[in-house]
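Biologist: Please take a close look at one part of this model, the charged pairs, and go through them in detail.

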Amino acid sequence: MEGLGENGREWSLEEKLERISAAGYGGVYDNMPEPEREKEYFRLLDRYSLSFATQAFPGRRGDISELAARAKHAGALYMNAQVMDSFVVGDDALRLLDGLMEEAAVSSLPFFVETHRGRITQDLLRTVEYVNALPSLRLTIDLSHYVLSGEMQEPGAEAEQAFAKLLERTSCIHGRISNSQQIQVPWEKDGVTKLPITNHFVRWWTTGMKHRLQDLQPGEVFPFVTELGPPPYAITVENATGVYTEPLNRWEASLIMKKLAEECWEKATGEEKK
């Protein structure tokens, strides 16, 4: 929602939340608000009946202690972590991941590690090793990062095998579609369905959902975030006046992705409309 608005004005927080709620979303995924904004922020979430989840960027076990406690107190559903950084490997990486899971458990806050470039999960095969070594590791799946870093125009058998291993640990999905050269592909209106690689992402998302459904317990949630970032994630082009703007309407695109996710959920739960 960053930077979105109309007539040259960005929507206010309340306007954004009102639109999110009216579109049928169940909640928002965001940074923890600053302490001075926290009361108003959560008052608005309550007004629009939206849940909340947060994120962290830890490089040490202790980096999430205070944040996890604050998030739990505020009623956050879970914490997603992009664990720093891509140069932490081997046993050091395993110790860090294990320590972060233990620290999150102190606050009884569900804790998921995101598959993301430039992070401890940068390498696909390395992340498979983490999953094999840490039975409690739960993932936020964003396979666009691996499709991009591996230039997977058409993912091969080895990539599919690795993806299958990660999808077994799906606890959350970040919906982003990469075409193997750009991390976030622009589209107009329903053009996303014309991108051939979309079929792969839909298949992966559905598979992840099926795995999570096998062990989802009463009271637990399965979040799907229609994650479309602002520039520089979003591609920009120069218009006639020399101003760079996005060719993608992120709000409209998020609604298309939301529909795709709902269709995946119907397939995963066996409720696909005939």
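Modeller: In this predicted model, Asp215 and Arg212 form a salt bridge in which the closest N and O atoms are 2.7 Å apart. Both residues belong to helix 8 (residues 198-215), and because they are three residues apart there, about one helical turn separates them. Asp215 is partly exposed, with a relative accessible area of 31%. Arg212 has a relative accessible area of 8%, so this residue is buried, the cut-off being under 20%.

The structure holds 20 salt bridges. Another one of them lies in helix 4, where Arg95 and Asp92 are three residues apart and thus separated by about one helical turn. The closest N and O atoms of Arg95 and Asp92 are 2.4 Å apart. Arg95 counts as exposed at 55% relative accessibility, while Asp92, at 46%, counts as partly exposed.

The salt bridge between Arg70 and Glu38 has its closest N and O atoms 2.6 Å apart. This pair links distant parts of the chain, with Arg70 in helix 3 (residues 65-74) and Glu38 in helix 2 (residues 35-47), 32 residues apart. Arg70 has a relative accessibility of 24% and therefore counts as partly exposed.

Definitions and conventions. Residues numbered from 1 in each chain as written. Predicted model: local features only at pLDDT ≥ 70, side-chain atom pairs only at ≥ 80, totals over all residues. Heavy atoms only, no water. Salt bridge = Lys/Arg side-chain N within 4 Å of Asp/Glu carboxyl O. Helix = DSSP H or I, 4+ residues; strand = E, 2+ residues; numbered from the N terminus. Buried < 20%, exposed > 50% of the residue type's maximum accessible area, 1.4 Å probe, protein only.
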